[in-house]
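Open the model in your viewer and keep the sequence panel beside it. The tour goes one selection at a time.

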Amino acid sequence: MTAARRLRLAVRLTGAPGRTGTAFSQVEQLARTAERGLFDFLLLVGDAGTTGAATDFADCAAPAPGCPEPLTALGALAAVTDRIGLAAAVDPGATGPYDIARAVASLDHLSGGRAGWALAPRDVPGQRPPRRGADRAERYRRAAESVRAVRALWDSWPPGGPPRPVAHHGRYFTVEGEFTVPRCPQGRPPIVAVLTAGDSARGRDLAARTADVLLSRHRGPAAGRALTTAVGARLAAHGRRPADLAVMPEVTVVLGDSAADAEERAAGLRRPRTLPYPPVPARRGSPRERDGAVPGPLAVPSGPRRVPARRRTPLRAGGPAPEPEHPSFTGTAAAVAARMESYLRERAADGFVLVPHPAHGGLDEFVDRVVPLLQERGLFRTAYEGATLRSHLGLPEPVWKG
Amino acid sequence: MAPIRPLHLAVALDGPARFDAAHYAGLVALAEHGALDFVTLGDPYTRPGPEALSVLSRIAPLTRRIGLVPTVTTTHTDPHRLAAALATLDWVSQGRAGWAVGVSATEAGARLYGHHAAPAPERWRDAERTVRVVTDVWDGRTDVWDGRTGGAVDGAGADGAGSPGRVPGPRTGRAAPRPPQGRPPVVVDLTGAREPGRRLAARHADVVLIRARTPDEAAERRATVLREARELGRDPAALRVLLSLSVDLGGGEPRPGSLDPRRSAARAAHFSGGPVELAELIARWHRDGAVDGCHLVPLDPHRDLERVVNGTVALLQHRSLFRSFLPGGTLREHLGLPRPARGRAPVAAGTAR
């Protein structure tokens, strides 16, 4: 085995469609499957995210009614998993740094060092437009400041020492006082920058300055190489090494016994989209369901669950569901494994965040068929070597600078 | 001599700050073994300790029946995130979540959010507003709320400039599926609060915790709470009033079970004695109709909870004064509370005056 880089694998659990539609046990099952596949982490976003081309910040991380709040849901998933990392999307525009720092640090303690914070600066669907300074740059500045404040709180407990008071006086946030959660098992839980809306210069810079993982949109190997190169340059400008930031595009995978079979299954996906979890039939007609007199977009009563079309696309508003884009990877398990390897070797990606599809085996199929091939090629771990998310990602112990 | 009303028992898990899940898992398993209605966990906020909501969501999949009631500090937190987080706790626990409305009074707590501490009436108004927003979100009325009160909760912080740290949450206006219980029960602790807390309790509480030195005093307080709720158009039968009782079962030899006069001076009901005496005290207060049950606050949960469950509760069960298993699956079912309809009738009655 060469000293080749190892592939990073994660799975994004799109927002479970509400407490009436999805049993927690279904999400639990996905989490266990991902852990069986030795994935680096689970990423939970708060809203019913869609994938690929239709994805925007707008579809991530909202503590929207009807969607599980990621930190709380991951707290519960920590109880049913042992090793896999648990990254929660929290929008620094909607939650203050003290709350983020405390909740993520609590999760890190309660999960034995498996917490991560997925930073998703975004536009909020339906929110009143901010009164001023409403441009995207503002959002990124706010996110960057939130990270500084959150890390100041995490670092305010030196390793083994008593806490020091924090005094953060920024443009957006003021935090003064003592942090109440002792130093996290990981020191600094990893930060995932969610930039699936498009890799703007500001987004790249935010990731290069602050993040440990960059979650990007999948746009083919050439775009991947360009992104990795661009981010690498920015990393250097901030005094970081390329290995400090893993670039992981979000991908969908459709497997088949042959290439033609896979294509056929992929074509089947181009019907109205479904979420990773089928609805729970047993609950239909229960008081819980009936209560939802006005079913929201997440409570479609029958058939495969339709994901709302990209809500902010006026052209499609009220129209039929948009054509889903092609899956990122379609083919036999061997072909998919080979393509993933070529991405890694060509530095078009450091890993992938899978968005599993239930109609075609979901995550199980990938774990059972592709992961062993990746392991054979020496690209992926055959056992968890460490217990923390930082160790899965190959990140060193953070140096406490005081 | 069957009790007039079912007896309800809850226990607090609070103790020295612990960050390992196994500690809490052990305590909650013990409480569940005793068929208690629910456990509470305070939010340390400005003291060292993990976030209570995080702890109880971590414990939820490890338990099957018992209610999980974290204290949630409402003073500086975005109500939309609270609504989502509590609904999620209800979801992962399959309908066993409740929440105790916490209010942070300290200047230290406010400074962590870049604020100054607000005076008590304002804090409680804030708490009430948070409860209302959370309920509205669950009932799918975010639009209604936004239209009615405008930026009341965001305040000057809506653009992030006027009030740093207080940032607006999303307003989606979508009708969302409700949490499994519709509304996870609201617990209001009146043991420290005075007037403003009472209003919140009368309007929104499903469970009220009171302190009293004698059964007569407890009965009077209970009657007051129920009367105030009735005046707001609520059905007082949908309210449970529990006596908050700090218990110390560590005494080597059993002393006559009684309320400690020293602690009583501070209006706190404190019990010191043996498990049997505690059972007799609970049975007496409940039989007299003073309270619907007790919220026990063990001095040392690690030591006292085991004695409460295997001593006190076992005895109450033996005398058929307390259930020996939890027949229902949700916290509302344990408490005998109906599932609330979507709507704001009692609240509207209150705000309209």
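Among contacts in chain A between residues at least 6 apart in sequence, what percentage join residues at least 24 apart? The figure is 77%. Keep in mind throughout that this is a predicted model.

**Stop 1: chain A as a whole.** Select chain A and colour by secondary structure. You will find 12 helices and 12 strands. Chain A has 402 residues, and buried ones make up 56% of them.

**Stop 2: confidence in chain A.** The mean for chain A is 78. Of its residues, 71% reach 70 or more. Select residues 48–65 of chain A: pLDDT stays under 50 there. For this stretch the model still has 84 contacts beyond four places in sequence. Where pLDDT is low, predicted coordinates should not be read in detail. View both stretches with that in mind.

**Stop 3: a helix pair across two chains.** Select helix α3 of chain A, residues 70–80, together with helix α3 of chain B, residues 79–92. Their axes come within 8 Å. The crossing angle is roughly 30°. Angles under 35 degrees count as roughly parallel, so α3(A) and α3(B) are roughly parallel to each other. The crossing of α3(A) past α3(B) is right-handed.

Show side chains next. On the α3(A) side, pick Thr72(A), Ala73(A) and Ala76(A). They meet Ala85(B), Thr88(B), Leu89(B) and Val92(B) of α3(B). How many of the residues in this contact of α3(A) with α3(B) are nonpolar, polar and charged? Five are nonpolar, two are polar and none is charged.

**Stop 4: a pair within chain B.** In which hand does α2(B) pass α3(B), left or right? The crossing is left-handed.

From α2(B), the contact uses Leu53(B), Leu56(B) and Ser57(B). From α3(B), it uses Ala85(B), Leu89(B) and Val92(B). The contact of α2(B) with α3(B) comprises five nonpolar residues, one polar and no charged.

**Last stop: α3(B) from both sides.** Leave Ala85(B), Leu89(B) and Val92(B) highlighted. These residues take part in the contact with α3(A) and in the contact with α2(B).

Note on methods:
Residues are numbered from 1 along each chain as its sequence is written. Chains are lettered from A and ligands numbered from 1 in the order in which they are written. This is a predicted model: local features need pLDDT of at least 70, side-chain atom pairs count only at pLDDT 80 or more; totals for chains, interfaces and linings use all residues. Axes are lines fitted to C-alpha atoms, for helices over the stretch in contact, and angles run from 0 to 180 degrees between N-to-C directions. Helices (H or I, at least four residues) and strands (E, at least two) are DSSP runs, numbered from the N terminus. Angles under 35 degrees count as roughly parallel, over 145 as roughly antiparallel, 65 to 115 as roughly perpendicular and the rest as oblique. A crossing is left-handed if the near helix is turned anticlockwise from the far one by less than a right angle, and right-handed if clockwise. Two residues are in contact if their C-beta atoms, placed from the backbone, lie within 7 Å. Ala, Val, Leu, Ile, Met, Phe, Trp, Tyr, Cys and Pro count as nonpolar, Asp, Glu, Lys and Arg as charged, and the others, Gly among them, as polar. pLDDT is the predictor's confidence in each residue, from 0 to 100. A residue is buried if 20 or more other C-beta atoms lie within 10 Å of its own, exposed if 12 or fewer, and partly exposed in between; C-beta atoms are placed from the backbone.
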